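Please walk through the model below, one region at a time.

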Amino acid sequence: MTEAAIQQCLHDLPKCEHHLHIEGSLSPSLLFRLADTNKISLPAIETDPSFASPEALEGRYTRFTSLNDFLHYYYIGMSVLITTADFESLAYEYFARAHNDGVHHAEIFFDPQAHTSRGIAYETVVAGLGMAQKRAEKDFGLTSKLILCFLRHLPASDAKDTYQAAEALGHFSSGVVAGIGLDSSEVGFPPEIFKEVYESASKAGIRRTAHAGEEGDSTYISRALDLCSTERIDHGIRLVDDDALLKRVAKDKTLVTMCPLSNVRLRCVTKVAELPIRKFLTEGVRFSINSDDPAYFGGYILDNYIAVQEAFRLNLKEWKFIADGAIEGSWCDGERKQVLLEKVEQWAESYKGTL
Ligand code: HPA
Ligand code: ZN
């Protein structure tokens, strides 16, 4: 198969995305445009020359030194998002792009505290995202869910207030928000700080995930599972350092949401080939491949699939295992899962004997 044919095959593979921060899909060009429209001042060029132009900013994004270095730009970037329409167009553009990459179902993160702390109402954010979700389902048949993330560098009491605000609006019981997550700076902010809010969510039957084992060691993963009863692990690349934990995650079919290009850009690994994808496949760990913050990390979901293929040369059976696992680990209902599983089956049939 030629490289172009392999890329077409990966494009056609029905995909689910589970690890996408919607604020991380804000491109430098849109960032500058919204800053202008909304009269938001960006850092002065004398302080940070990266803000001289969208191109300069794009260049800076290729030189992140760590998760915290990236987060500095990520929080400045999202400060240009003000209105419901801003959130709607951001999310709709992501859905359109994801649809073009062959995504059929997306479960996207949003960071309410990063907006409410700037005086943007939680309802403004969710209203915009919700409108985009409806339009994407109508226009592309792309189904989606929202995952409300808590910022782990802020106090647990802040996370609790955010959780209660969403709960008071009935957003969990109505399904407007499907679950909770935990993101931002990892090292020094272990998951158990947020134990109480995870316990409340668990009791209420709300889905739970957390970033763990991205920059933090494997105990961040075990603590997320044991102390916060998370159902998924976001990133989870440090699982390879604890064989018993890896076997447990495989046995429990806990979905690990991997983000290859992100891990390279944030220097968690030096190249995609260093990621434990072969190990996960041989040990039967269920995982999905995702873009994390595509506007910052140089690629959307298909770029991540292609990077994995270039590094590991997976065959059709291995890709089917990944695609089936991604569907089974999704938080959509059984009926939707069945539809998606059949699409993957048809894909495998149509590419039989090629990959
Ligand atoms: N890790 C932690 N927090 C984040 C990330 C990430 O990769 N992206 C956006 N917030
Ligand atoms: Zn992430």
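Is Lys 195 buried, exposed or partly exposed? Lys 195 has a relative accessible area of 34% and is therefore partly exposed, where buried means under 20% relative accessible area, exposed over 50%, and partly exposed in between, with a 1.4 Å probe and protein chains only. This is a predicted model, in which local features need pLDDT of at least 70 and side-chain atom pairs count only at pLDDT 80 or more, while totals for chains, interfaces and linings use all residues. Residues are numbered from 1 along each chain as its sequence is written, chains are lettered from A and ligands numbered from 1 in the order in which they are written, and side-chain values use heavy atoms, with hydrogens and water left out.

Lys 195 forms a salt bridge with Glu 199, with 3.0 Å between the closest N and O atoms; a salt bridge is a side-chain nitrogen of Lys or Arg within 4 Å of a carboxyl oxygen of Asp or Glu. The two residues lie in helix α9 (residues 195-203), four residues apart, about one turn of the helix. Helices (H or I, at least four residues) and strands (E, at least two) are DSSP runs, numbered from the N terminus. Glu 199 is partly exposed, its relative accessible area being 37%.

The structure holds 21 salt bridges. One of them joins Asp 226 to Arg 248, with the closest N and O atoms 2.7 Å apart. This pair links distant parts of the chain, since Asp 226 is in helix α10 (residues 218-228) and Arg 248 in helix α11 (residues 243-251), 22 residues apart. Asp 226 counts as partly exposed at 48% relative accessibility, and Arg 248 is partly exposed with a relative accessible area of 31%.

The axes of α10 and α11 are 10 Å apart, at an angle of about 40 degrees. Axes here are lines fitted to C-alpha atoms, for helices over the stretch in contact, and angles run from 0 to 180 degrees between N-to-C directions. That angle makes α10 oblique to α11; angles under 35 degrees count as roughly parallel, over 145 as roughly antiparallel, 65 to 115 as roughly perpendicular and the rest as oblique. The crossing of α10 past α11 is left-handed, a term for a near helix turned anticlockwise from the far one by less than a right angle, with right-handed used if it is clockwise.

Beyond α10, Ser 229 lies in the loop between α10 and β7 (232-235). The phi of Ser 229 is near 45 degrees, a positive value in a residue other than glycine. Most residues other than glycine have a negative phi. With a relative accessible area of 28%, Ser 229 is partly exposed.

Another salt bridge connects the side chains of Glu 318 and Arg 278, at 2.9 Å from N to O. Here too the pair links distant parts of the chain, with Glu 318 in helix α16 (residues 316-328) and Arg 278 in helix α13 (residues 277-283), 40 residues apart. Glu 318 is buried, with a relative accessible area of 19%, whereas Arg 278 is partly exposed at 35%. Elsewhere, Asp 243, Lys 247, Lys 279 and Glu 283 are linked in a network of salt bridges.

Which residues coordinate the zinc ion (ligand 2)? The donors are His 19 (NE2), His 21 (NE2), His 211 (NE2) and Asp 292 (OD), at 2.0 to 2.3 Å. Donors are N, O and S atoms within 2.8 Å of the metal (3.2 Å for Na, K and Ca), and water is not among the atoms, so sites may look incomplete. In sequence the donor residues are spaced H-x1-H-x189-H-x80-D. His 19, in the loop between β1 (15-17) and α2 (28-37), and His 211, in strand β6 (residues 211-212), are 192 residues apart and link distant parts of the chain. Both His 19 and His 211 are buried.

Asp 292 is found in the loop between β9 (287-289) and α14 (294-297). Its phi is near 65 degrees, a positive value in a residue other than glycine. Asp 292 counts as buried, at 2% relative accessibility.
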